[in-house]
Amino acid sequence: MPAPLQTTRRSLLVLSAALSSLALTTPVALAAPSPTPTPTTSATTTPSPSASSSVTPTATPPANMSSVGGTRLAMAGTQVNLTAGVPVLPKDVTARSWIVSDAESGAVLAAHNAHWRLPPASTLKMLFADTVLPKFPKTTEHKVVASDLAGMGAGSSVVPIKQGESYAVHDLWLGVFLRSGNDAVHVLSHMNGGVDKTVADMNAHAQDLQALDTHVVTPDGYDEPGQVSSAYDLTLFARSGLQKKDFREYCSTVSVKFPGETTKVKGKSVRGTFEIRNTNRLLSGDSDVSVYPGIAGVKNGNTTNAGATFTGVAERNGKVLLVTVMNPKKDEHNEVYKEAAKILDWGFQADGKVQPVGELVAPKNVPQASAQPGATATGEAGGDTAAKPSVSSAASASEEDDGSGGVGIALAIVGGLLVLLAGGVFLVNRRWPLPDLVRRRPRP
């Protein structure tokens, strides 16, 4: 039964809505260079039994890929139902794979090689966060030792985290999301029992989310042979992560004062700070990219094998869309953000008009239930919801520009996006709080 068209008044976030395949369009094949594995020093693991027998990305999309979410999504090329009244897709999108979906209903509006298994880069950190974030209260303090930082790949992005200093879990997660710090990932992984255990946890969680294209080798997304995901799976990770309040806070934060090194000043120990700023350019802006109206996260990445990757969530006129873009062929500065913005623009124009080509599936064994009046939103890590006053999110950012340029209008969440009800049920018949909690700030 096809999913009903979404309106601003109808019930949202129906993760289990059944979407059937509709009229087929001719798939368009996309050829791209084969990624070349880069040797690294990161720890590797043996593929789990649940992983696919092939974990090496191909030079061109396979003719038949996974059909999770619908048979149209198993086809190579662009899948969209361009019927009367539906806007034409942007013609200058060069990504090897992309997908745009209604974040609330789960309807996939259009996709291009959605299940192509490709290196994910740091967008894989969304799965890391969704897996590990609930395990530690954000106020937990951890003193970093040398072994916490061992095994990172050469040239890894870092916050930086300093050995011998103590950090709150809250700060470590800000380092993961804003600076894509592999050092912060490794510290949290060691707190979780080690890199190998964390990788195993992530692979198990990917299976629970029905993200069957994904095989994790490193928790930080650093290039390793056999480490793959897909635009479809990355979207599932974002959608699941956004159910958690802390995840929403971290992925929407624009800038923050981060703990620095401890020094002696007049015989007293003084801990300095330094600013870190989100490298998601649709959230923080850049010289050639403006802040995207309604943007509220989620995560970006870039490595030799993966190229540039990005998953974002944005709201406009009561509609909330997710977009994932993997490895644009066009080699221009910030191209992944430019293409993501074009796809989002199309999605907002097409949502409510275009018949979906598939759906974002719900996790396994997740009960579906209607939200009851007065239900309490949950999803915080360790139940600690207190945010540090130093955090500057897109909704509480300083009125002063730091000189990075291109910030434009800052829009993001104040309260949250998706929430879980007590007991882990997914919401039905209830709007996300995002539309009522987005506010504009004039350009400084």
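This report describes the aromatic ring contacts of a predicted model.

The structure contains seven aromatic pairs. Two of them are set out in the table below, with the separation of the ring centres and the angle between the ring planes.

| Pair | Centre separation | Angle between planes | Arrangement |
|---|---|---|---|
| Phe177 and Phe247 | 5.1 Å | 80 degrees | edge-to-face |
| Phe310 and Tyr337 | 5.3 Å | 65 degrees | edge-to-face |

The planes of Phe177 and Phe247 stand at 80 degrees, so this pair is classed as edge-to-face, the cut-off for that class being over 60 degrees. Phe177 belongs to helix H2 (residues 169-178) and Phe247 to helix H6 (residues 245-252); the pair therefore ties together parts that are 70 residues apart in sequence. Both Phe177 and Phe247 are buried. These two residues also take part in a cluster, in which ring pairs link Phe128, Trp173, Phe177, Phe247 and Tyr250.

With a relative accessible area of 0%, Phe310 is buried. Tyr337 has a relative accessible area of 7% and is buried because this value falls under 20%.

A contact of another kind involves a charged group and a ring. The charged end of Arg271 sits over the ring of Tyr167, at 5.0 Å from the ring centre.

Notes. Residues are numbered from 1 along each chain as its sequence is written. This is a predicted model: local features need pLDDT of at least 70, side-chain atom pairs count only at pLDDT 80 or more; totals for chains, interfaces and linings use all residues. Side-chain values use heavy atoms; hydrogens and water are left out. Rings of Phe, Tyr and Trp (its six-membered ring) pair if their centres lie within 6.5 Å; planes under 30 degrees apart count as stacked, over 60 as edge-to-face and the rest as tilted. Helices (H or I, at least four residues) and strands (E, at least two) are DSSP runs, numbered from the N terminus. Buried means under 20% relative accessible area, exposed over 50%, partly exposed in between (1.4 Å probe, protein chains only). A charge sits over a ring if NZ of Lys or CZ of Arg is within 6 Å of the ring centre and within 35 degrees of the ring normal.
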